[in-house]
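Subject: Structure for your review

Dear colleague,

Please find below the structure that I am handing over to you. My account of what was found follows it.

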There are 2 protein chains.
Amino acid sequence: MIKARVTVTLKNGVLDPQGKAIGHALDGLGFEGVGSVRQGKVFDIELETDDRAKAEAELKAMSEKLLANTVIEDFSVEVI
Amino acid sequence: MIKARVTVTLKNGVLDPQGKAIGHALDGLGFEGVGSVRQGKVFDIELETDDRAKAEAELKAMSEKLLANTVIEDFSVEVI
């Protein structure tokens, strides 16, 4: 069995109002020097295979088809 | 300036219906051998300091106070 983590983040230049709100909330809680905050998603996925190369290819396909919106998001696949 | 990534994931044993729905959707798209899928969050944060130790302590405090619900979620801080 292979465990993997897919991380999906907004591309540079795409506005992230949610991240901005979190930044403001951190300021409000008294944290100083907080610059940009951007929120993304992670997916921890288990695959019933032992073929790392096949798993990586499959995870890339999953990301492109379902997990990420590649118009505005980047993704990275990491087999653990 | 320090860039860091805080990753927040559900603790083991906490139900994740969203992850389950994603798993079913992947099955439906024809991906075979998909086991458990669990969704989490990442926060990419920039801090205006060069003191790594201080930044790590501050990010841990941010996670405990705002970014993670430590009753049901774990978090990890990674300074890049």
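Buried area is the accessible area, taken with a 1.4 Å probe, that two parts lose on being put together, summed over both. Between chain A and chain B it is about 2700 Å², and carbon and sulfur atoms give 64% of that. On the side of chain A, the residues that lose the most area to chain B are A:Phe31, A:Val42 and A:Leu66, together 19% of what that side buries.

Please keep in mind that this is a predicted model, in which local features need pLDDT of at least 70 and side-chain atom pairs count only at pLDDT 80 or more, whereas totals for chains, interfaces and linings use all residues. Residues are numbered from 1 along each chain as its sequence is written, chains are lettered from A and ligands numbered from 1 in the order in which they are written, and side-chain values use heavy atoms, with hydrogens and water left out.

The interface

Counting contact as heavy atoms within 4.5 Å, 31 residues of chain A touch 31 residues of chain B. For polar contacts (a pair of N or O atoms within 3.5 Å; within protein, one must be able to donate a hydrogen and the other to accept it, and residues adjacent in sequence count only if both atoms are side-chain atoms), the count between the two chains is 10 residue pairs, both at pLDDT 80 or more.

Which element gives the most to the side of chain A that touches chain B? It is β2(A), with 14 residues; strands here are DSSP runs of E, at least two residues long, numbered from the N terminus. Pairing of two strands requires at least two bridges found by DSSP; β2(A) is joined by 11 bridges to strand β2 (residues 34–47) of chain B, and the two run antiparallel. Within this pairing, A:Phe43 stands opposite B:Gln39 in β2(B).

Yours sincerely

Key
Helices (H or I, at least four residues) and strands (E, at least two) are DSSP runs, numbered from the N terminus.
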